[in-house]
There are 4 protein chains.
Amino acid sequence: MGGTMDGTKQQRRGNTRQRIQDVALGLFAEQGYEKTSLREIAERLDVTKAALYYHFKTKEEIIVSLFEDLTKPIEDLIEWGRRQPGTLETKEEIIRRYGEALAGAEPLFRFMQENQATVRELRIGDTFKDWMRGLRDILIDPDAELVDQVRSVSAMFTLHAGMFVMRDLEGDSEKKREAVLEVALDMIRQAHEHARHKGD
Amino acid sequence: MGGTMDGTKQQRRGNTRQRIQDVALGLFAEQGYEKTSLREIAERLDVTKAALYYHFKTKEEIIVSLFEDLTKPIEDLIEWGRRQPGTLETKEEIIRRYGEALAGAEPLFRFMQENQATVRELRIGDTFKDWMRGLRDILIDPDAELVDQVRSVSAMFTLHAGMFVMRDLEGDSEKKREAVLEVALDMIRQAHEHARHKGD
Amino acid sequence: MGGTMDGTKQQRRGNTRQRIQDVALGLFAEQGYEKTSLREIAERLDVTKAALYYHFKTKEEIIVSLFEDLTKPIEDLIEWGRRQPGTLETKEEIIRRYGEALAGAEPLFRFMQENQATVRELRIGDTFKDWMRGLRDILIDPDAELVDQVRSVSAMFTLHAGMFVMRDLEGDSEKKREAVLEVALDMIRQAHEHARHKGD
Amino acid sequence: MGGTMDGTKQQRRGNTRQRIQDVALGLFAEQGYEKTSLREIAERLDVTKAALYYHFKTKEEIIVSLFEDLTKPIEDLIEWGRRQPGTLETKEEIIRRYGEALAGAEPLFRFMQENQATVRELRIGDTFKDWMRGLRDILIDPDAELVDQVRSVSAMFTLHAGMFVMRDLEGDSEKKREAVLEVALDMIRQAHEHARHKGD
DNA sequence: GATGAATGAGCTTTCATTCAT
DNA sequence: TATGAATGAAAGCTCATTCAT
């Protein structure tokens, strides 16, 4: 037994916390937050429920921790965006990087998308709203036509939609990603274009 | 008006089923399906839980019944759409009427949007997916460029997004509705336009 | 109207009551008393639960009424037996007629056999015990050897067992009945025989 | 005994599962399965209902576990019987040991006898039937007269009856047991004897 | 004779959480 | 680091019963 060749036991040490997060996120995304019980998570990890409580104070903390670990890119993005000038280039970059951020933590965002009612009641609910507002404020010219404001918001949502709905659109997954990005960029450009003319 | 203020008791008789649906939908939309207990619904109606079970066999049946009662317009729309030629006019009409249908049963659709994980597990989950596919098939030219397919789907989603997110965009609510519709129509037109040129 | 025989009205009256009894007994025997709900009975009759309450004051009353309607033969038998001399002929006749009585109301006795725990708590529980004791006292000579007392009781039980277990013994049903009776009679004869010798 | 008055609390640890089984069996046998609620069991043990669920997944599992723990002797007996020659000695031994097995787990068998309707619906229902058939097949000569087949089955039932009904036959309990066994053995001998003569 | 609507009590089961070890 | 044992609260649901109509 000693300790040679890593044996499952050895390797696990120290990353149980991570494993909990992984399994939990998988289940949350698949079945929803409320329908996923701690018993289920524990069983899948082959530990006891009590073990989860060693690593996380509450069930909510598990999802919050995932949130905190996985959403840094988005926070950074907003931070960055705020300091840039309101040019088209900035907006395009925001869209591009937001798309990447979404793709980089797909399960979490799928979870958030499909459990909005739950997320809203959670501690993270407000954070989420703050993002959306932050991004919106960067993308939107406050004195733009209403239609163009909608267009900007819709560009963001196109990226969201892209993650889920496009799944049952046939075609190469990478190409679809590009197409989605293309459409979103296009919308942001249209919105920007109009605003310029108006400003002339 | 006959009986003036009518006294709550009198009016209740005979429409309890409806009242249950109303209250339930309100709570489901507000807090989510799982977080809303039958006790809560019953309390708000000042009846016992058992009374709910006189009118509905299960909790799920309550939401299913709402679904069945409120989604006829959408089903009709798809039915109608299928029989029309794939012209731009058809597509525009679909978008317009879909927007109306969403607006006409806002709480239900908000519920569905925000409880997707739940809805998916419910009996109605598949119906919902079938819609989306039905609409998509009507709006999309199967041999259109991927980008334009995305554009069509995104037009639909713009309408969805319109219901919820725009809420914290400032401005007159009627005008916002129009703006959302405008954007959605615009997208569908662009998608259609490209397809035409390609066909030339 | 008056009272001529049968006018539809007349016939119906007391007919629903009967139908309830029939259906109830069928279900009680099949699934047990507790597992059979009034809803189920009502549904099978295509009436409402409330209708059952027009005919019977409680659920228990349904089973009690069946009991009262179907067990007269047994009560008569005991009554009769008590007044006879303790001869072998009397005992044989008791066994014979008891067998017939069981066969004549099979579902009820099957119900009682398979729901003893329930029956015991019901109002009829004691009546049932009283029978058994009544029959026993007729069949048993109080100063007989213990072994022969057992034999007598066992003769009775052979008849009971005959109703249920023999079901999966192959063979013509009528012949099986005869065989069971034969065995029971044989036992009672043996018991009686010994007692006689002892008495010599 | 070591710790004097032992304090209820101390002793409990580690054997809760057993205590649940004991109390449950007692109540099931006394009042029937359906009429015994988990609340009642829990209260009598001075634990919460949830504690029961820590030890057993469902109410049914409690009775099933009892069944599994207490019926090994019977299964062994059948196993053994199947491998013996169909001599009278074998049959006598079966009767003798079956009687012992019944006596060794009286409450369980009383429960099964008095809750047949319930047991039939439970997971264990079939097992029970299989026994009866197994024993029957060992005791019965397939080409024996019907009357003797009945006699064999009835011998088994005499043992069953012995457990319950004899209770209100007066006399020393040990002597009654012997008498019951005697009668059962006698029946099996008669059945065997006839078969032999027929075979001559 | 029967229904429609409702109730009160209770049931089995599940859940997040705690804590001594 | 974890487990074993347990809890308190609540959930969805069913049942026998009632009563005005």
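## Exercises on a chain interface and a DNA strand

The side chains of R120(D) and E114(C) form a salt bridge with an N to O distance of 2.1 Å; a salt bridge is a side-chain nitrogen of Lys or Arg within 4 Å of a carboxyl oxygen of Asp or Glu. This is a predicted model, in which local features need pLDDT of at least 70 and side-chain atom pairs count only at pLDDT 80 or more, while totals for chains, interfaces and linings use all residues. Residues are numbered from 1 along each chain as its sequence is written, and side-chain values use heavy atoms, with hydrogens and water left out.

**Exercise 1.** Describe the interface of chain C and chain D.

*Solution.* 
1. Count the salt bridges between chain C and chain D: six.
2. Take the area: the two chains bury about 3,500 Å², with 62% of it on carbon and sulfur atoms. Buried area is the accessible area (1.4 Å probe) that two parts lose on being put together, summed over both.
3. Find the main contributors in chain C: E114(C), V150(C) and L169(C) lose the most area to chain D, together 15% of what that side buries.

**Exercise 2.** Find which groups lie by the phosphate oxygens of DNA strand F, using Y53(B), K59(C) and L38(C).

*Solution.* 
1. Start with side chains: a polar side-chain atom of Y53(B) is 2.6 Å from a phosphate oxygen, and a side-chain N or O atom of K59(C) is 2.8 Å from one.

Conventions
Chains lettered and ligands numbered in written order. Polar contact = N/O pair within 3.5 Å; in protein donor to acceptor, adjacent residues only side chain to side chain.
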